[in-house]
Amino acid sequence: MKSKFILFALVAIGSLFVGSAFAQSYAVTNARIVTVSGENIEKGSIVIRDGLIEAVGANAKVPADARIFDGSGLTVYPGLIDSLTSVGISAPAPRSQAGGPQPQAPPAATSNSNYAEGLRPEDMTINDLKAGEAQFEAIRNAGFTTVLTVGRNGIFNGQSAVINLAGDSVSAMVVKSPFAQHITFTTLRGFGYPNSLLGTFSALRQMMLDAQRLQDLQKMYDANPKGMKRPDDDKSLEALFPVLNGSMPVVLNANSENEIVRALDLAKEFKLKAIIAGGQEAWKVADRLKAQNVPVLLSLNFPKRTASASPEADPESLETLRLRAETPKTAAKLANAGVNFAFQTGGGTTSDFFANASKSVENGLAKDAAIRAMTLNAAQILGLSDRLGTIETGKIANLTVVRGDILGKEKTITHVFVDGKLFEQKEPPKKPATPSGGTPTAQPAVANVGGNYTISIDIPGQSLTGTMALTQQGAVLTGTLQTQLGTSPIKDGKVTAEGFSYSSTVEYGGTTFDIFVKGTVTGNQISGTIDSPQGTIPFSGTKNP
Amino acid sequence: MRKLFVFLLMISIVSISPAIVFAQSKTEVLVKNATVMTAAKGTLENTDILIQNGKITKIGKNLKAAANAQIFDASGKFVTPGIVDAHSHTMLDAINEGSFSVTSMTNVRDVLNPHDIAIYRALAGGVTSANLLHGSANSIGGQNSTVKFKYGKPVEDFVIADAPPGIKFAMGENVKRSNFQIQGQTPRYPRTRMGVVETMRDAFLRAKDYKQAWDDYKAKKTKVPPRKDLELEPLVEILEGKRLVHAHGYRSDEHLNLLLLADEFGFKVATLQHGLEAYKIAPEIAKRGTGVSIFADYWGYKLEAYDAIPYNAAILWKNGVLVSINSDSDERMRRLNIDAAKVMKYGNVPEEEALKMITFNPAKQLGIDKRTGSIEVGKDADLVIWSEHPFSPYARVETTMIEGEVYFDRNKDIAKRAELEKERTELEKLDANKAPGSGGTPPKVPGEKRIADRDDADQTDGGNR
């Protein structure tokens with residue numbers, strides 16, 4: 001056991017050394033290659049040099065200087081693309097309390113925009129991106145090499161970026177920025193306009209019209225400034241020019257049939273180059289999606305029942321029951337209708353991504369179509385199919401190497417190449433090993449964390465208060481977290497010498513998110529973090545007397 | 001007991017889904033041998049109605065239809081025009097944009113939900129058309145949608161394309177926010193009834209300036225095109241007589257204020273909505289050709305709703321005011337026929353006039369009377385077949401059709417229930433629909449039922465009425 005670990009460490013250090021010093025070239029040989037661009041190669045080689053695919057084929061010549069991997073028993077796919085995430089965006093500093101009109105601009109997001117926060121299409125995701133392994137390791141280990149990433153605040157979420165999941169700097173990671181403007185049909189925080197869905201649409205419409213006008217006036221003024229009042233230099237409206245001119249796509253977050261129809265109507269009204277994200281009920285409007293040539297970034301965060309059984313509860317509506325039954329069929333129906341789509345995690349976990357992709361296949365989606373939805377289709381929708389999405393000579397060397405079936409239950413991502421950089425996976429432990437190597441010893445001392453705590457959670461933009469009720473029995477933790485969003489019971493709660501951790505799910509905006517909570521208790525003070533697909537959120541509080 | 005019955009009825013209707021809409025192709029339809037209450041030309045016994053391409057083409061005895069025509073034998077049954085509800089918030093995913101007191105830029109068309117189960121329940125009560133209004137939180141609220149309840153069709157099919165556009169106005173307690181405080185929100189202008197009128201006047205003055213700016217530009221007096229302002233455009237349409245004003249209010253002094261404001265700016269108010277005190281100023285309303293859309297006998301739920309009398313409809317009608325009876329409620333919408341019957345009791349309004357108050361009159365108020373609201377040749381075949389006289393509390397809707405297509409059929413509904421139960425049983429077996437083995441989130445247990453007469457229930461409606 002120990003010796004195997006040392007071997008691993010040596011390999012890892014070795015590859016790091018090679019990687020940083022000379023490794024311009026790799027070759028994967030004897031592997032099954034799913035090129036996506038053409039036929040699968042049952043046994044072939046891929047040569048990587050300078051971050052690009054130099055050669056691929058059954059008889060591709062392996063250069064002498066390449067570091068060679070024997071790919072026997074492995075399958076190589078184009079690097080997987082998660083077509084919508086918020087990966088790499090650090091949670092912005094807490095803003096002012098919700099409520100009341102917008103006070104002075106918060107220090108973290110100073111802006112001289114004429115528009116309230118949430119109506120600022122000029123916001124650039126790339127400005128919020130942080131490089132660094134901590135941000136990307138988990139999703140890359142799951143097999144993803146590339147993501148589309150954008151924040152999820154406000155009506156205009158801002159301009160997204162496509163990034164490769166490796167690099168010491170944001171500039172090196174970016175494949176395309178900006179990619180698209182992102183819109184969510186939501187309301188602004190507080191009581192300002194718009195605070196209802198009615199106002200959301202009229203505010204969007206007015207801004208689009210104002211942007212069209214500003215663009216016209218600026219052209220007039222540039223042509224002849226004499227005798228004409230100088231038009232505003234309004235960066236919020238100016239950020240909409242490429243959207244209105246059709247040079248920048250607009251990703252509209254829409255899951256229900258109603259939302260998708262509204263998104264398509266808006267796209268038609270302003271001739272937007274629209275992309276639907278979410279698309280849970282997209283199959284119901286597949287004909288319109290096809291007719292308007294609108295692709296879908298389809299969420300693989302499928303709805304499932306989270307509520308426990310209760311004799312007091314009303315039976316769930318047929319609508320809800322049907323939705324959960326129908327969602328896994330969406331991908332196949334879109335494929336049959338000729339609607340272009342790519343998969344995204346949709347705020348769910350990467351394991352749900354693969355499990356539900358495979359569920360989509362069980363429900364009629366061709367397997368190669370499922371693979372395309374995480375490779376080439378995504379690259380096409382992101383406008384990057386000339387450099388990503390297939391294994392072809394000259395393309396970016398993003399590769400995902402798998403032992404087993406990528407859509408099967410038993411699979412291991414063994415290697416991931418991002419921009420030609422190798423990331424080797426640690427084999428998952430076969431069984432959860434006990435610390436002492438099998439012989440259970442005395443229980444380690446654990447912290448004392450039980451009790452009820454009033455906590456405040458610093459969600460970007462608002463402070464959410466709640467009650468964390470922790471019941472401790474030795475190293476086992478049970479209880480609930482209660483907030484305005486509802487009550488989330490503690491799952492897999494553990495107490496260690498340092499503190500506690502547990503996982504849970506919260507429902508927000510109709511979607512279920514998995515969260516992971518860890519924290520410490522000192523005296524009557526509690527503090528820690530909540531990890532969610534949207535980012536990491538700190539919380540703190542005190543024990544109730 | 002009655003409550004229990006209503007509850008059971010609601011539950012049974014809950015389970016009906018959009019999947020069962022009994023639509024058929026637009027071939028000929030013949031309704032045979034009915035007592036036809038035309039709401040225009042009296043009641044006709046043993047009469048047939050022939051429908052071709054969704055329109056009523058013949059009304060008479062022993063009519064012949066094509067061999068493949070769909071036949072409804074209505075012997076011993078009553079047929080009325082589809083009910084028109086001149087005040088509803090059904091189908092709306094958002095009702096109030098409560099930020100500003102003038103939100104004429106909003107339009108309920110943007111937030112229509114064609115899957116709202118309340119639509120199906122309304123059809124089961126004989127309603128075929130409705131005026132979907134923004135809420136009453138603002139002096140000038142959002143633009144309306146006039147729809148037919150074509151449940152199961154895409155949302156664009158609901159909207160009556162040739163209905164004149166409208167807009168919601170509101171005065172009184174909801175606008176000045178007398179009865180509720182929004183936690184954390186800075187109090188909003190206007191806070192008094194005089195402030196409400198001033199807010200409206202200010203908006204119209206701005207609209208006039210706006211129109212002037214565009215007129216100047218079109219006349220090439222200015223070089224730069226003015227900004228297209230979504231708030232002021234609909235107000236200009238009001239001034240030009242192209243948009244109907246539906247004004248929520250209770251007190252007669254306030255209604256008069258609005259009528260005088262309309263005189264000042266030269267437009268006509270299409271309807272006073274609620275108008276519980278309208279009987280006090282019936283001649284002033286009649287003189288201006290303004291309609292009134294009221295509750296039959298619903299009152300006392302807030303201070304400004306105390307001076308109501310159930311004779312309101314009768315007095316207005318006798319003074320020549322165009323009166324309709326509305327629901328403003330998904331629940332009351334299902335039994336507007338009974339509300340119409342009440343105006344016969346209070347003030348002896350004749351039967352046909354009472355029926356008109358839920359059919360032809362609201363259709364006129366909404367400007368859709370050329371299409372619907374009465375049973376006449378040339379009109380859309382929006383018809384309801386009742387088991388008994390529609391003003392009987394025992395009357396049930398058997399069939400509701402819009403433009404000759406059946407959207408509610410009681411027998412088919414009943415027949416479908418077992419099938420739906422079976423579907424539910426099957427769906428509940430799916431993993432995704434099973435409760436998690438351990439540690440799930442707490443299930444939603446039934447909350448308190450909404451009780452229409454209770455003030456605190458209003459809060460959840462965003463302060464409408």
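1. The domain assignment divides chain A into domain 1 (1–79 + 389–432), domain 2 (121–190 + 239–304 + 318–388) and domain 3 (451–543). The model under review is a predicted one.

2. The centres of domain 1 of chain A and domain 2 of chain A, taken over C-alpha atoms, are separated by 27 Å. Their contact draws 20 residues from domain 1 of chain A and 25 residues from domain 2 of chain A. On the side of domain 1 of chain A, the elements giving two or more residues are β5 (74–78), β16 (399–404), β17 (411–418) and β18 (421–424) of chain A. Of these, β17(A) gives the most, with three residues. By class, this side of domain 1 of chain A holds 11 nonpolar, six polar and three charged residues.

3. β5(A) and β16(A) are joined over five bridges in the antiparallel sense, and A:Tyr77 stands opposite A:Thr400 in β16(A). β16(A) in turn runs antiparallel to β17(A), with six bridges between the two strands; here A:Arg403 stands opposite A:Thr412 in β17(A). β16(A) and β17(A) form a hairpin, and six residues lie between them.

4. In chain B, an open sheet of six strands has mixed pairing and the order β8-β10-β11-β12-β13-β14. The edge strands are β8 (140–143) and β14 (323–325) of chain B, each of which pairs on one side only. From one strand to the next, the twist averages 25°. β8(B) runs antiparallel to strand β10 (residues 166–170) of chain B, to which two bridges join it. B:Gln143 stands opposite B:Ile167 in β10(B).

5. The contact of the two chains takes 49 residues from chain A and 47 residues from chain B. On the side of chain A, two or more residues come from each of α5 (197–223), α8 (257–269), α10, β22 (486–489) and β24 (500–508) of chain A. The largest share of this side, 11 residues, comes from α5(A). The residues of this side of chain A divide by class into 20 nonpolar, 16 polar and 13 charged.

6. One helix pair spans the two chains. Helix α10 (residues 318–326) of chain A packs with helix α13 (residues 410–428) of chain B at an angle of about 50°, their axes being 10 Å apart. α10(A) and α13(B) are therefore oblique to each other, and their crossing is left-handed. The contact is made by A:Leu318, A:Leu321, A:Arg322 and A:Ala325 of α10(A) together with B:Leu420, B:Glu423, B:Arg424, B:Leu427 and B:Glu428 of α13(B). By class, the contact of α10(A) with α13(B) has five nonpolar, no polar and four charged residues.

7. A further helix pair lies within chain B. Helix α5 (residues 193–218) of chain B and helix α7 (residues 252–265) of chain B pack with their axes 11 Å apart, at an angle of about 20°. With that angle, α5(B) is roughly parallel to α7(B). The crossing of α5(B) and α7(B) is right-handed. From α5(B), B:Arg193, B:Val197, B:Met200, B:Arg201 and B:Phe204 meet B:Glu254, B:Asn257, B:Leu261 and B:Phe265 of α7(B). The contact of α5(B) with α7(B) comprises five nonpolar, one polar and three charged residues.

Key:
Residues are numbered from 1 along each chain as its sequence is written. Chains are lettered from A and ligands numbered from 1 in the order in which they are written. This is a predicted model: local features need pLDDT of at least 70, side-chain atom pairs count only at pLDDT 80 or more; totals for chains, interfaces and linings use all residues. Domain bounds come from an automatic or database domain assignment. Two residues are in contact if their C-beta atoms, placed from the backbone, lie within 7 Å. Helices (H or I, at least four residues) and strands (E, at least two) are DSSP runs, numbered from the N terminus. Ala, Val, Leu, Ile, Met, Phe, Trp, Tyr, Cys and Pro count as nonpolar, Asp, Glu, Lys and Arg as charged, and the others, Gly among them, as polar. Axes are lines fitted to C-alpha atoms, for helices over the stretch in contact, and angles run from 0 to 180 degrees between N-to-C directions. Angles under 35 degrees count as roughly parallel, over 145 as roughly antiparallel, 65 to 115 as roughly perpendicular and the rest as oblique. A crossing is left-handed if the near helix is turned anticlockwise from the far one by less than a right angle, and right-handed if clockwise. Two strands pair if DSSP finds at least two bridges between them.
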